[in-house]
Amino acid sequence: MEKVLQFLRENSVCCLATCSNDKPRASTMEYAVVGDNVLFATDCNSIKAANLKANNKISFSAHAMPKFVTIDGTTATPNEDEIEAYNKILFERHPEFKEMVEKGMMKPFVYFRLVPEVVYYNDYSAGMTPTEVIKL
């Protein structure tokens, strides 16, 4: 699992799939690895937030070819320390977000921690190999 976390630490953009009324919806968004946890946030009034409130099952996918990771699981609410660490990472990457939040130009975030159930890891740098499946 460490190689998966290392890959995720080296990247920051994912595709997050949520579901509402049996209809899947994929969103491209940023995430951050805090300790050994993957955290993400969204506008409290977003479709993602509404979907996750109704159904916390997700599929998360990140790639930087020739490697990619897909994680199926659920979400949980991160603790205050994790949220603070996440915001620090996000605001270092995007100082404009911090300024917008401070000026009241962005709606409050709702925060999520990925709770992995099954991890699918691919590394095609040495050719096509079977997907490594890690069940947690």
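**Reading the labels on a predicted model**

User: Why does Asn21 count as exposed in this structure?

Analyst: The relative accessibility of Asn21 is 72%, and the label exposed is given over 50%, so Asn21 counts as exposed. Please keep in mind that this is a predicted model. Asn21 is found in the loop between strand E1 (13-20) and strand E2 (23-30).

User: What makes the phi angle of Asn21 worth a remark?

Analyst: Phi of Asn21 is near 55°, which is a positive value in a residue other than glycine. Asp22, placed in the loop between E1 and E2, has a phi near 60°, again a positive value in a residue other than glycine.

User: How do you know whether Asp22 is buried or exposed?

Analyst: Asp22 has a relative accessibility of 76%, and with the cut-off for exposed set at over 50%, the conclusion is that Asp22 counts as exposed.

User: How do you know how many disulfides there are in the structure?

Analyst: A search of the whole structure finds zero disulfides. Cys14, for instance, is in none, as the nearest cysteine sulfur, that of Cys15, is 7.1 Å away, whereas a disulfide needs the two sulfur atoms within 2.5 Å.

User: Why are Cys14 and Cys19 given the labels they have for accessibility?

Analyst: Cys14 has a relative accessible area of 4%, and since buried means under 20%, Cys14 is called buried. Cys19 has a relative accessible area of 23%, which falls between the 20% and 50% limits, so Cys19 is called partly exposed.

User: What makes up the fold when the protein is read along the sequence?

Analyst: The protein contains four helices and eight strands, and along the sequence they follow the pattern α-β-β-β-β-α-β-β-α-α-β-β. The radius of gyration is 15 Å, close to the 14 Å that the globule rule gives for 136 residues, and therefore the protein is as compact as a globular protein of that length. The C-alpha atoms fill a box of roughly 50 × 35 × 25 Å along the principal axes, and 37% of the 136 residues count as buried.

User: How many of the contacts with a separation of 6 or more join residues 24 or more positions apart?

Analyst: Such pairs account for 61% of the contacts in the protein with a separation of 6 or more, where a contact requires heavy atoms within 4.5 Å.

User: What is the form of the peptide bond from Met65 to Pro66, and where is Pro66 found?

Analyst: The bond from Met65 to Pro66 is cis, with omega near 20°, and Pro66 is found in the loop between strand E5 (57-64) and strand E6 (67-76).

Notes: Residues numbered from 1 in each chain as written. Predicted model: local features only at pLDDT ≥ 70, side-chain atom pairs only at ≥ 80, totals over all residues. Heavy atoms only, no water. Buried < 20%, exposed > 50% of the residue type's maximum accessible area, 1.4 Å probe, protein only. Helix = DSSP H or I, 4+ residues; strand = E, 2+ residues; numbered from the N terminus. Rg over C-alpha atoms; globule rule 2.2 N^0.38 Å.
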